[in-house]
Amino acid sequence: MGEERSIETILEEQRHFDPPQDFSEGSHLKSTDEYEKLYKHSLENPEEFWAEMAEELHWFRRWDNTLNSDNAPFYKWYENGKTNITYNCIDRHLENSNRNKAAIVWEGEPGDQRVMTYWDLYREVNKLANALKKLGIKKGDRVAVYLPMVPELVISVHALARLGAIHSVIFAGFSAESIRDRVLDCNAKMVITADGAWRRGNVLPLKNIVDEAIADCECVSDVIIVRRSDSTAFPCHVKEGRDHWYHRIVDGESITCPPEEMDSEDILFLLYTSGTTGKPKGIIHTTGGYMVYTYLTSKYVFDLKPEDVFWCTADVGWITGHSYLVYGPLANAATCLMYEGSPDWPDRSRMWAIIEKYGVSIFYTAPTLIRTFMRWGKKWPQKYDLSRLRLLGTVGEPINPEAWVWYYKHVGQGNCPIVDTWWQTETGGIMITPLPGITYTKPGSATRPFFGVDACILNDDGKETDSGYLAIRKPWPGILRGIYGDPERFKETYWSKWDGHYFPGDGAKKDRDGYFWILGRVDDVVNVSGHRIGTAELESVFVEHEDVAEAAVVGVGHKIKGQGLIAFVSTVEGVDFGPSLEKELVEMVAGKIGKFALPEKIIFTADMPKTRSGKIMRRLLRDLAEGNTMGNISTLADPEGLYKLKAKYEEA
Ligand code: WTA
């Protein structure tokens, strides 16, 4: 009760949290003056700023133009520069004492451990790169990676980048059909997977899922299998001529593999993300700009120091795991913690036990997980020594002030600044964020833009306001370069709302101090536990069922997940909807997308609210599901039907 009241007070007071003095004194940026000067410089002379920052990294050949906007929005950064991101994340550190420093400290779900120094990582990456070369992988080839959170995931991604092959990591929670779509969209030549993955003490048969996915993908000529689970519960079929065990192909390979000299604008990776249509988009990131951007944001936002142990809990299947596990921190020679499993296995203290055991000093996670920890209670973190923690971060969705304060008190013990970082798959790295030694924070606000980020809030007409759509005025090095195979969709989705400004698809407001408060998506993308799910994607799964006539899916507020999905489904005439249809639809979503995309409720109705021209009014469904008063219903064909549906929803 006392705690609740203090949270309310914070909301009323708009209380500020200043960075602890010793944190500021020891941080990369020590004073507000220093920060203001650098920020001003980054906005007034972005090319100079970004050139200076890029000089901190290794280039085989220096670039000619820092930014070429001739063919905007197809921006080019560090034009004609040659580099390799793995060289910067690994080789660069072998020349000094970082050579023997832990790069990856890994813990498996069953409790096994592995520590890899930068030198170990170098050897393993090169051995795999040489083995991949023998299998014919070369610059520009696309390779899908479907692995659990094991060190081989980091090694694989780096080995591919070393050769200039394009990686497309697919989150291991995706179903066979999702893998197939992604493999076919980019014509992947190879899939790297594991026999199985540990999840809550059980083994998920990853390789079997891949077999099903690629059964008729002619583009895939090889599959590599990491031995992880060795489960006898299910057979792992090895197809002669196509499938290779990872440990066999790397055995005896040379530990030297010269990195490909990549053009700054050569594609580094594709990462598929949901959009407003039924088809996921392959977001393109290129080499030089992404490298500089993830390097610099890691350095300043996480204030990385040689002695830090940095733990980003995101799976490498999402952008956060790419930018803040695989690349950015390693470019800074940081020690990264990586954990394979579930936060409640074998019990709800697992995360805290790991923080204590490895002396984690920076912890970066998602609001949905913080809300879950909150529900489990403070007794779990209290059992552990978390005193090494000095900085906390969040990402993926808006954080409610209650969760922020809980995190601050019970995890950070009142000593750790919190960086609430706003960004997207498309932005490559963090865009709006506190700098922990400089910025005073307000629970729930991502505060201010990072260096070089010219963010503002616009209305539909492109006029600046305090509450409207978030927009970015200038290009930055980490920006996506396109949607794979679909340049028109790229222009249409991100660049057509206003002239020359990037449209992220989020609503936001700005307060008197110029602080940004991100309000969530304004398009048909729903953020469920930090996972982006396009409602159109889900709807197209439902209507594939022969008994379904129409489906409309909306997002509604959810206590733990941030948002949850509610599906409204109408059946074809004469079909009885009952539990068996519901079960079949649930199985279809799990099978075609993945379990994480399951709706909270499926409501069967013959009264889908429609306009007179027959368009489903999703806005009304959202109001209904949120319990809001109904908006304008004057365009509705059958208002009576809506009231019937409302009554039914309230019963469900
Ligand atoms: C949301 C994850 C509020 C936002 C890095 C964005 C956030 C989408 C925050 C991108 C934050 C991310 N505060 N909202 N700190 N961070 N979002 O592509 O709606 O998986 O557009 O990238 O998550 O999700 P994505």
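In β11, the residue bridged to M190 is D222. The model is a predicted one, and this pair belongs to the five bridges that join β8 to strand β11 (residues 222-226) in parallel.

**The eight-stranded sheet**

- Eight strands make up an open sheet with mixed pairing, in the order β12-β11-β8-β6-β7-β14-β15-β23.
- The edges are held by β12 (243-245) and β23 (482-483), each of which has a single partner strand, so one side of each lacks a neighbour in the sheet.
- Strand β8 also pairs with strand β6 (residues 142-146), in the parallel sense and over four bridges.
- Within that pairing, V145 is the residue opposite I192 of β8.
- Strand β6 is in turn joined to strand β7 (residues 166-169) by four bridges, and these two strands run parallel.
- The bridge partner of V143 in β7 is H167.

**Burial of strand β8**

- Strand β8 (residues 190-194) is largely enclosed by the rest of the structure, because five of its five residues are buried.
- M190, I192 and A194 point one way from β8, whereas V191 and T193 point the other way; all are buried.
- In a regular strand, side chains alternate between the two faces of the sheet.

- Strand β17 (residues 335-339) is mostly covered, with five of its five residues buried.
- Strand β4 (residues 102-107) pairs with β17 in the parallel sense over four bridges.
- In this pairing, E107 stands opposite Y339 of β17.
- Strand β16 (residues 309-312) runs parallel to β17 and is joined to it by three bridges.
- Here V309 is placed opposite T335 of β17.

**The ligand and its shell**

- Around the ligand are 17 residues, of which D420, T421, T425, D506 and R532 come nearest.
- A polar backbone atom of T421 is 2.7 Å from a nitrogen atom of the ligand.
- By residue class, the shell divides into six nonpolar, six polar and five charged residues.

- E550 is located in strand β28 (residues 548-558).
- With a relative accessibility of 24%, E550 counts as partly exposed.
- Leaving aside residues up to four places away in sequence, E550 touches V543, F568, V569, S570, M608, K610 and I616.
- The side chains of E550 and K610 are joined by a polar contact of 2.8 Å.
- From C-alpha to C-alpha, E550 and K299 are 49 Å apart in space, and they are 251 residues apart in sequence.

**Local backbone geometry**

- Most residues other than glycine have a negative phi, and most peptide bonds are trans.
- A72 and P73 are joined by a cis peptide bond, with omega about 5°; P73 is in the loop between β1 (67-68) and β2 (76-77).
- A cis peptide bond also leads from W345 to P346, with omega near 0°, and P346 is placed in the loop between β17 and α13 (350-358).
- N80, a residue other than glycine, has a positive phi near 65°.
- This asparagine, N80, lies in the loop between β2 and β3 (82-83) and is partly exposed, at 34% relative accessible area.
- N187 likewise has a positive phi, near 55°.
- The loop between α8 (176-186) and β8 contains N187, which is partly exposed at a relative accessible area of 45%.

Methods:
Residues are numbered from 1 along each chain as its sequence is written. This is a predicted model: local features need pLDDT of at least 70, side-chain atom pairs count only at pLDDT 80 or more; totals for chains, interfaces and linings use all residues. Side-chain values use heavy atoms; hydrogens and water are left out. Buried means under 20% relative accessible area, exposed over 50%, partly exposed in between (1.4 Å probe, protein chains only). Two strands pair if DSSP finds at least two bridges between them. A residue is near a molecule or strand if one of its heavy atoms lies within 4 Å of it. A polar contact is a pair of N or O atoms within 3.5 Å; within protein, one must be able to donate a hydrogen and the other to accept it, and residues adjacent in sequence count only if both atoms are side-chain atoms. Ala, Val, Leu, Ile, Met, Phe, Trp, Tyr, Cys and Pro count as nonpolar, Asp, Glu, Lys and Arg as charged, and the others, Gly among them, as polar. Contact means heavy atoms within 4.5 Å.
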